[in-house]
Amino acid sequence: MRIDKHPILDFSSRKKIRFTFEGKEQYGFEGDTIASALHALGVKHLSDSIHKKRPRGFYCAIGNCASCNMIVDGIPNVRTCITPLKEGVDVRMQEGKGRF
Amino acid sequence: MRQAEVVIIGAGPAGLAAAKPLLDVGAEVTLIDRSAMLGGQLTKQTHMFFGSEKQHASKRGIDILKLMVEAIETYPNLTVLTETTVVGLYADKVVSCVKDDHYFKIQAQYILIAAGASEKSLPFENNDIPGVYAAGAVQTLMNVYGVKPGDRVIMVGSGNIGLIVSYQLMQAGVQVPLLLEAADTISGYLVHASKIRRLGVDIRMNTSIKRALGETSVEAAEIWQLDENWQGIEGTETIIPCDTICLSVGLAPLTELLQQAGAEVKYVRELGGHVPKINQHYETSLDAVYACGDVAGIEEASSAMISGHIAGIEIALKAGYTVANANDILPRLRHDLRNLREGPHGEKIRIGLKKLGVA
Amino acid sequence: MIEKTGIASLEQVKQEFPDKVVLKKPKAIIECYKEIPCNPCHTSCPFEAIYIPEDINVRPKIDFDKCTGCGICVYNCPGLAIMVTQIKDGKIAMRIPYEFTPLPEVNQTVYVVNRAGERISEAKVTRVQISEKQNKTALIAIELDEQYLYEAITIEVHHGS
């Protein structure tokens with residue numbers, strides 16, 4: 001899902017960043033947010049809704065709508081669409097409101 | 001508590017434009033944004049801007065951003081707080097923030113809200129499943145992070161964002177077979193519409209989405225024709241395979257902080273929703289609290305830059321600074337802004353501002 | 001109807017073209033059918049051939065006597081709504097703005113498409129211009145049969161061929 005060639009932008013030569021998603025090792029690139037790195041891996045389903053447990057992905061990408069909330073390093077409700085991807089973070093899907 | 005002379009909330013085109021004149025006069029400016037990057041929506045705008053040279057027309061948004069950041073970044077009187085979310089705003093000009101899981105407060109003398117807007121959604125069955133994304137969000141995903149939303153996108157809405165993002169999806173190598181518009185005419189600039197039509201995008205009027213299909217993510221869109229009252233016509237449904245549905249159905253000003261602080265707001269449909277009542281100096285009903293850019297009414301980025309520039313000068317003047325040539329610059333900026341709002345595409349904003357009592 | 005489809009009618013298109021005699025020399029054809037607040041075509045033209053008044057919403061007016069067909073307005077137009085056209089020896093030589101990757105190569109055969117995005121012909125690329133000042137909007141020159149004068153608008157590069 002990465003853009004390999006673009007007429008205006010250049011996404012080449014970015015540093016790889018390793019992280020884990022659901023316990024499995026994955027990698028993204030420097031400059032990614034957690035949500036963009038996951039999307040690039042084909043992961044669109046980030047959490048389940050509070051009452052009906054429906055699948056949720058990102059929606060606004062500006063940290064406003066809460067649709068992309070996930071558990072990052074054990075902390076729930078992290079807005080993954082604006083949280084930069086950092087080396088070694090542990091990312092997990094969130095069910096409902098999440099729990100500390 | 002931290003002290004700051006001027007706090008600007010939002011580092012998009014409006015906030016960046018406002019910072020410059022304030023820094024020029026020597027004011028201590030704290031610029032806050034919840035994103036890791038400065039620039040707001042400019043960070044993803046790979047297209048050339050409209051307007052005139054004064055608003056950097058013909059330059060790409062991403063290049064305009066570089067110029068705007070270069071113009072302020074070396075000032076010693078600037079403090080930049082990125083990845084910082086303002087979670088509270090109070091009438092006594094206390095701004096409470098969260099950064100890196102730490103909560104802190106700033107006592108400001110002047111506050112400028114340039115928080116921008118958020119994209120609206122549209123009610124239809126399954127509109128909550130992954131793959132149904134705001135068009136601007138997809139633009140961010142592609143142009144900031146270099147990630148495609150999918151391989152085949154149906155765009156809903158023919159405003160400039162819908163038209164421009166369709167084009168940029170194709171530039172990223174994504175198919176856009178179809179763009180739907182509920183109204184009977186294209187609402188964005190025709191040059192943008194023609195640009196994607198000649199690339200093969202089928203643009204359909206009086207058509208909307210009935211439901212998204214798919215269990216854990218979008219697999220198809222069921223579309224249907226609308227009657228003159230925008231009601232779906234039974235029997236006109238078609239199922240179009242796609243993995244992404246982009247919604248470009250308008251923006252809503254992010255006025256929550258202003259409302260929390262007790263600033264007077266008014267619902268003005270033409271301006272996108274609740275907007276602060278501002279006077280001609282961009283001051284809200286709260287003393288020394290200002291608002292500019294999309295938070296004060298949805299417009300284009302070029303208008304946000306001008307309104308930010310004006311608001312920055314107005315705050316400098318109110319704070320007692322001498323702004324060189326203010327008597328020449330301010331009328332010229334107001335004139336440029338009026339000029340951007342003339343013509344058929346400025347009608348909505350003109351009506352909105354009239355309702356708000358600003359124009 | 002362009003307001004509903006994005007496709008200009010033949011009548012509208014013809015109104016933006018000068019007489020064919022004038023097209024013996026290359027001329028900019030501007031297809032900016034509705035008022036928008038924008039004027040880079042006017043300010044970028046080194047020959048003062050394109051005019052937009054103080055109110056930048058007014059549609060551009062081109063003076064074909066002054067236009068040299070240089071193409072500067074083509075890559076400065078944010079709407080990519082300008083091309084340069086010339087008629088020579090029963091063929092048209094067009095230069096169009098292009099912002100896709102990969103760029104076609106000189107002598108490559110490409111599809112020519114109309115305003116509805118339909119392939120109408122094939123053409124040979126005669127020149128690919130992409131300088132620093134164009135800021136990533138390439139100018140692609142193609143040559144094709146004169147009958148497509150009012151139809152041809154852009155190209156589609158063959159993939160995998």
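In this predicted model, strand β3 (residues 47-48) of chain A pairs with β4(A) in the antiparallel sense, and the pairing runs over two bridges. One of the residues involved is Asp48(A), whose bridge partner in β4(A) is Pro55(A). These strands belong to an open sheet of three strands in chain A, ordered β4-β3-β8, in which the pairing is mixed. Because β4 (55-56) and β8 (94-95) of chain A stand at the edges with a single partner strand each, one side of each is left without a neighbour in the sheet.

For helix α1 (residues 13-24) and helix α7 (residues 301-318) of chain B, the angle is about 35° and the axes are 7 Å apart, while the crossing of α1(B) and α7(B) is right-handed. Among the residues that make this contact are Leu16(B) and Lys20(B) of α1(B), together with Met305(B) and Ile313(B) of α7(B). Sorted by class, the contact of α1(B) with α7(B) has 15 nonpolar, five polar and one charged residues.

How many residues of helix α3 (residues 135-143) of chain B are buried? Nine of the nine are buried, so helix α3 of chain B is largely enclosed by the rest of the structure. The buried residues of α3(B) include Val138(B), Leu141(B) and Met142(B), and also Gln139(B) and Asn143(B). What covers the buried residues of α3(B) includes a helix of another chain, α1 (34-40) of chain A, as well as several elements of chain B, among them β8 (132-134), β9 (152-156) and α4 (160-171).

At the level of domains, the assignment for chain B gives domain 1 (2-118 + 251-356) and domain 2 (121-247). The C-alpha centres of domain 1 and domain 2 of chain B lie 30 Å apart, and the contact takes six residues from domain 1 and eight residues from domain 2 of chain B. On the side of domain 1 of chain B that touches domain 2, no residues are nonpolar, five are polar and one is charged.

Finally, chain C meets both of the other chains. Where chain C touches chain B, 36 residues of chain C are in contact with 34 residues of chain B. The elements that give two or more residues to this side of chain C are α1 (2-5) and α3 (40-44) of chain C, and the largest share, four residues, comes from α1(C). By class, this side of chain C has 17 nonpolar, 11 polar and eight charged residues. The contact between chain C and chain A takes five residues from chain C and four residues from chain A, and the residues on the side of chain C divide into two nonpolar, one polar and two charged.

How values were computed
Residues numbered from 1 in each chain as written. Chains lettered and ligands numbered in written order. Predicted model: local features only at pLDDT ≥ 70, side-chain atom pairs only at ≥ 80, totals over all residues. Domains from an automatic or database assignment. Contact = placed C-beta atoms within 7 Å. Nonpolar A, V, L, I, M, F, W, Y, C, P; charged D, E, K, R; others polar. Axes fitted to C-alpha atoms, helices over the stretch in contact; angles between N-to-C directions. Left-handed = near helix turned anticlockwise from the far one by under 90°. Buried ≥ 20, exposed ≤ 12 C-beta atoms within 10 Å, placed from the backbone. Pairing = 2+ DSSP bridges.
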